[in-house]
Amino acid sequence: SKGVPTPGERAKDGDRTVHVSSRDGTAYMSNVMWVAYLAIDRTELQVASKELARSMATPTTADVEVLRRCVRFILKYPRCIQSFERHEGIPTRVTVYRDSNFVGCITTRKSTSSIKMFYGDHIIRPTSTTQAVVRLSSAEAEFYDEVKAAAAGIGAVSVLKDLGVDLD
């Protein structure tokens, strides 16, 4: 099939009432877990994997279409090469990048938080999670995400200090 440039897209107001058969549901769950396995090392698949996993209990035909798009992305970009260059010394800084997607899910109206944490030039913690509460504005979703990223950064600094690593 023809590849696509992104692994997922914002859900459309499609037919979410037609559930797939139990045989197709089993195949859906198997393929979603395959995508989740790949998403451990491929951060560009994390948001799509999270959204696919949310509908594993009762997948619909719309969910199968979202899975097909993700598989088409993997077919277009089958490999992700990560290069971890040796640092010139022990890094002295933890850097956290974050972003939120206001109302990432059309059904639940919940936002998505994404955090990428680096120790030196190496990524040590990529996450993509659904925010617990429905946010009323994009600013509120961004604030929640900022607090979550700061807490994750403080936790990483604490662990590194416990291991005897001095940080700036």
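In what order do the 3 strands of the open sheet lie, and is their pairing parallel or antiparallel? The order is E1-E2-E3, with antiparallel pairing, where two strands are taken to pair if DSSP finds at least two bridges between them. The structure is a predicted model, in which local features need pLDDT of at least 70 and side-chain atom pairs count only at pLDDT 80 or more, whereas totals for chains, interfaces and linings use all residues. Residues are numbered from 1 along each chain as its sequence is written, and side-chain values use heavy atoms, with hydrogens and water left out.

The secondary structure comprises 4 helices and 3 strands, which follow one another from the N terminus as α-α-α-β-β-β-α; helices (H or I, at least four residues) and strands (E, at least two) are DSSP runs numbered from the N terminus. The C-alpha atoms fill a box of roughly 55 × 40 × 25 Å along the principal axes. Of the 168 residues, 32% count as buried, buried meaning under 20% relative accessible area with a 1.4 Å probe and protein chains only. Among contacts (heavy atoms within 4.5 Å) between residues at least 6 apart in sequence, 67% join residues at least 24 apart.

Within the sheet, strand E1 (94-101) and strand E3 (122-130) are the edge strands, each pairing on one side only, and neighbouring strands are turned by 10° against each other on average, direction ignored. E1 and E2 pair over 8 bridges in the antiparallel sense; on this side of E2, Ser 113 is the bridge partner of Ser 100, and Ile 115 stands opposite Arg 98.

E2 is largely enclosed by the rest of the structure, because 7 of its 8 residues are buried. Leaving aside residues up to four places away in sequence, Ser 114 touches Tyr 97, Arg 98, Asp 99, Thr 127, Ser 128 and Asp 145. The side chain of Ser 114 also forms a polar contact of 3.1 Å with that of Lys 116; such a contact is a pair of N or O atoms within 3.5 Å, of which, within protein, one must be able to donate a hydrogen and the other to accept it, and residues adjacent in sequence count only if both atoms are side-chain atoms.

Two helices lie across the sheet. Helix H4 (residues 138-162) lies across E1, E2 and E3 and runs at about 155° to E1, while H2 lies across E2 and E3, at about 35° to E3; the axes are lines fitted to C-alpha atoms, for helices over the stretch in contact, and angles run from 0 to 180 degrees between N-to-C directions.

The largest nonpolar core has 14 residues, with Tyr 28, Leu 52 and Cys 70 having the most contacts inside it; a nonpolar core is a set of buried Ala, Val, Leu, Ile, Met, Phe, Trp, Tyr and Cys residues joined through side-chain atoms within 4.5 Å. Helix H1 (22-39), helix H2 (46-53) and helix H3 (61-76) each give two or more residues to this core, and H3 supplies the largest share, 5 residues. A second, separate core of 8 residues includes Tyr 119, Ala 152, Leu 160 and Val 165.

Definitions and conventions. Buried < 20%, exposed > 50% of the residue type's maximum accessible area, 1.4 Å probe, protein only.
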